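My notes follow in the order I looked things up.

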Amino acid sequence: MKLETQHQVIALPKRADPRGILVPIELTSQVPFTVQRVYFITKADPALPRGFHAHRRTREAMVCVSGSCDLRLRSRDGAQTSIEMDDPGRMVIIEPGLWREMHNITEDAVILVLASLPYDEGDYIRDQTSFDMEQPKGVVTAVSSLDLKRENAAFEPALSAAVQRVVESGWYVGGPEVKEFEERWAAFCGARHAVGVGNGLDAMELVLRAWGVGPGDEVIVPANTYIATWLAVDAVGARVVPVEPDPATFNISAPTIEPALTNRTKVVLGVHLYGRSLDHAPIRRLCDERGIKFLEDGAQGHGASKDGVRVGAQGHAAAFSFYPTKNLGALGDAGAITTDDPATAESVALLGNYGSKVKYVNDVKGRNSRLDAIHAAALLAKLPRLDSGSEHRRILAGRYQQKLGKIEGLELPAAPLSAEEHVWHTYVVRCADRLGLQTHLQRQGIQTLIHYPIAPFDQQAYADYGLDPANFPISRSIHKNCLSLPISATHTELEIDHVCDAISDFFAQEQA
Ligand SMILES: Cc1ncc(COP(=O)(O)O)c(C=O)c1O
């Protein structure tokens, strides 16, 4: 990104009269981001320059309320500028990824800073070499759907230190890192137990096996989901019973589940699809009344909560994937289950370790699905910032809602009842001419994805079920016209604005 696009100077309305100067700052119209933090610098020593850092994600607005200072900005491609901050009627907006220094700060200077995110030391780049190295230089004209390299770079140096720690420890499967992550993940979700496993699919399969689900049993699943949810049920020999989602939330709910229950139903396997929490309480009630189990597929819902209960503590057990693209992603395949029930936790741990508690003593026919120490260490390094990452995603989703809300022909996801309900794993819009929109965005260097192009009931793998796609009109239409726009903990508001502008252009061209 060019230096000129990374900062801007905005004139504030300054009212000067004999009584003094009054400068209002309208947060909604003059500051181009949601302010989450305010600080000021005062009583500075003119001999000591300040700043000497860049932010990875935070946007800032700076006003020199009194006195003066020399603000120097530098971008990664080496472009530099110096702004004399001596006018309270001027506000400088500084985008992430810009190195800033403040020199010659006068003794009477008061510098007010408005920031888009709460304080987070991991968001700072404090040495110039890391700053220069961290991201590719030059002009960025493209927006990737999800840049995993950039996501993980935001956790340096902690992430590399975690990997190094494991390499030097000699413990590569299970061990202290895994135990610590299990404890911390259970606490984060608000569940009593967590057990690390190999991936999200295994997590679901192992819980189903621990509960004794098998041939002759039925498991309710969403018709609209990633196929792993269905595969876990088939892996234990049970039969999937797909139900339609609520078209507003994309999630299944108690009213859509109830008519599908039979006396063979053993489990309701609900998915917190796209990052939106299930409306769990009525589902749990329904399951408890019928003596059936409620298993959450939390692969996309890390950290979301509804009515104060986090994903992972809503059902009788929950399964998580920490695949690298997930909101909390490992450095390869990884997963976990959470539950309040010690017997379920113990059984999953046993089944995932060859059915063995004591080495070479096998109580049951288990399999090998364990969490590797390297992934546990990486997850431990990343977990402390999962909530601030979700907060950032909410800001970006809010920006999409605000900028795209009035476009006819583009259907946005329904706003959640409370912000915590959604962690925006994906931001899924719907559009009749999906291919046209996707191609247009691709030409502008904007990458989008489709979650998912083929519904599980339309997959060859499920041909043997003989399901009639006509029974799933809502899921079919979602699969036919959904498009996932770029969103992540490291996308900037500027990038989202770029996507929004390109989408507006597409619809303007269509109407012209
Ligand atoms: C809803 C859902 N469930 C389960 C999974 C499976 O997780 P894993 O890839 O770790 O097996 C995924 C992964 O993409 C998913 O999105």
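Which residue in E20 is the bridge partner of Asp297? I looked it up: Ala319 is the partner in E20.

**Ground rules**

I am working on a predicted model, where local features need pLDDT of at least 70, side-chain atom pairs count only at pLDDT 80 or more, and totals for chains, interfaces and linings use all residues. Residues are numbered from 1 along each chain as its sequence is written, and side-chain values use heavy atoms, with hydrogens and water left out. Helices (H or I, at least four residues) and strands (E, at least two) are DSSP runs, numbered from the N terminus.

I started with E17, residues 293–297. Four of its five residues are buried (under 20% relative accessible area; exposed is over 50%, partly exposed in between; 1.4 Å probe, protein chains only). I then listed its partners, taking two strands as paired if DSSP finds at least two bridges between them. E16, residues 265–271, pairs with E17 in the parallel sense over five bridges. Asp297 in E17 stands opposite Val271. I traced the chain from E16 through helix H9 (residues 280–290) to E17 and found a right-handed β-α-β crossover. Right-handed means that, with the strands pointing away from the viewer, the path from the first strand over the helix to the second runs clockwise. E17 is also joined to E20 (residues 317–321) by three bridges, and these two run parallel.

**Entry: E20**

I checked burial next. E20 is largely enclosed by the rest of the structure, because five of its five residues are buried. In a regular strand the side chains alternate between the two faces of the sheet. Here Ala317, Ala319 and Ser321 point one way, while Ala318 and Phe320 point the other way. E20 also pairs with E21 (residues 335–339), antiparallel, through four bridges. Gly335 in E21 is the bridge partner of Ser321.

**Entry: the ligand**

Which residues come nearest to the ligand? I found Gly200, Asp297, Gln300, Ser321 and Lys326, out of 14 residues around it (near means a heavy atom within 4 Å). I then looked for polar contacts, which are pairs of N or O atoms within 3.5 Å; within protein, one must be able to donate a hydrogen and the other to accept it, and residues adjacent in sequence count only if both atoms are side-chain atoms. A polar side-chain atom of Asp297 lies 2.6 Å from a ligand nitrogen. An N or O atom in the side chain of Ser321 is 2.6 Å from a ligand oxygen. Leu201 uses the backbone: one of its N or O atoms lies 2.9 Å from a ligand oxygen. Taken alone the ligand exposes 390 Å², and the protein buries 90% of that (Shrake-Rupley method, 1.4 Å probe; for residues, only the protein chains shown count as cover). I also checked which helices line the shell. H6 (200–210) and H7 (228–235) each supply at least two residues. H6 gives the largest share, three residues.

**Entry: Glu493**

Is Glu493 buried or exposed? At 4% relative accessibility, I logged Glu493 as buried. Glu493 lies in helix H15, residues 493–511. Its side chain makes a polar contact of 3.1 Å with that of Arg399. I listed contacts (heavy atoms within 4.5 Å), not counting residues up to four places away in sequence: Glu493 touches Pro32, Phe33, Thr34, Arg59, Ser116, Ile395, Leu396 and Arg399.
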